[in-house]
Each structure stands twice: as structure tokens, then as C-alpha cells.
Amino acid sequence: MKEEMTCERVMDLLLERAGEILDAESEPLVREHLDACAACARWAETLKAAIRVFGTAARVEVPASLRRRVRERVMAETEKRESADRASPIPGEES
Ligand SMILES: [Zn+2]
């Protein structure tokens, strides 16, 4: 059974194993989610940039406050998207 990749889970994985995942791209489920989710893709890009600046993922420290803020923002965007989906039942009718 395929494991469900939620935004929250993807962000946690990226935070905990950023260098590993982003450098090796060894997590197909994460890649798949990033391809489909703009919010998490942006988060991954942010982490990638941070890794470039600081050298290694191990040295990247994300303050709990930032982490919480990013997460809340992505959650809000996800909710917005979901309620928009409910508002317009016809697929592909985004404006
Ligand atoms: Zn996501």
C-alpha cells in the first residue's frame, strides 16, 4: 500500500533529512509530492538555498518559530486550495 504523503510529512522529512533527500533525490514519494505541490516545492527550494549557503544540511538549523510559521502558512494555503476545489466542482476550472 502506498504511503500517503501529506504536506506536513514532506516538510518534516525535508527538514530532518534535507541534504540527503535534496542532493540524492532518493525519495520518490517526496519528489512526487514536490512536483504536485507548489507550497512544498517552495519550501524545498528554500531549504536547498539554505544548504548551499551553510554548506551541509547538518548545519542548517531551522528555528522552531520559523518552522511553525512556514508550516502554518502551507496549511493555510492547502485549506484555501481545498475550499476552492469544493467551490468549483469542475476540475481544471481554476482562475
Ligand atoms: Zn505539499
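The mean pLDDT of the chain is 75, and 68% of the residues reach 70 or more. Helix 2, residues 18–24, has the lowest mean pLDDT among the elements, at 68. Helix 3 has the highest, at 88. Where pLDDT is low, the predicted coordinates should not be read in detail.

First, the overall numbers. The chain has 95 residues, and 17% of them count as buried. Take the contacts between residues at least 6 apart in sequence: 66% of them join residues at least 24 apart.

Now the core. Which residues make up the largest nonpolar core? There are 12 of them: Val10, Met11, Leu14, Ala18, Val30, Leu34, Cys37, Cys40, Trp43, Ala44, Leu47 and Val74. The elements that supply two or more of these residues are helix 1, residues 7–16, helix 3, and helix 4, residues 38–54. Helix 4 gives the most, with 4 residues.

Let us go through the contributors. In helix 1, the buried residues are Val10, Met11 and Leu14. They sit on the same side of helix 1, because they cover an arc of only 100 degrees around the axis.

Helix 3 buries Val30, His33 and Leu34. Seen down the axis, these residues fall within an arc of 100 degrees, so they line one face of the helix. The face turned away from that buried side carries exposed residues, namely Pro28, Asp35 and Ala36. Note that His33 is buried in helix 3, while Val30 and Leu34 are listed in the nonpolar core.

Why is leucine 34 classed as buried? The cut-off is 20 or more other C-beta atoms within 10 Å, and leucine 34 has 23, so it counts as buried. What does leucine 34 touch beyond its neighbours within four places in sequence? The contacts are Cys40, Ala41 and Ala44. For alanine 44, the separation from leucine 34 is 10 residues in sequence and 7.9 Å in space, C-alpha to C-alpha.

Next, cysteine 7, which lies in helix 1. Is cysteine 7 buried or partly exposed? It has 17 C-beta neighbours inside 10 Å, so it counts as partly exposed. Outside the four places on either side in sequence, cysteine 7 is in contact with Cys37, Ala39, Cys40, Val74 and Thr78. Of these partners, Cys37, Cys40 and Val74 are also listed in the core.

Cysteine 7 also brings us to helix 5. Methionine 75 lies in that helix, which spans residues 64–87. Methionine 75 and cysteine 7 are 68 residues apart in sequence, yet their C-alpha atoms are 7.7 Å apart. Arginine 71 is 64 residues from cysteine 7 in sequence and 8.5 Å from it in space, again C-alpha to C-alpha.

Tryptophan 43 is itself one of the core residues.

The largest nonpolar core has 12 residues, and helix 4 gives the most to it. Helix 3 has the highest mean pLDDT among the elements, and helix 2 the lowest.

Definitions and conventions. Residues are numbered from 1 along each chain as its sequence is written. This is a predicted model: local features need pLDDT of at least 70, side-chain atom pairs count only at pLDDT 80 or more; totals for chains, interfaces and linings use all residues. Two residues are in contact if their C-beta atoms, placed from the backbone, lie within 7 Å. A nonpolar core is a set of buried Ala, Val, Leu, Ile, Met, Phe, Trp, Tyr and Cys residues joined through C-beta atoms within 7 Å. The arc is that of the directions from the helix axis to the C-beta atoms. pLDDT is the predictor's confidence in each residue, from 0 to 100.
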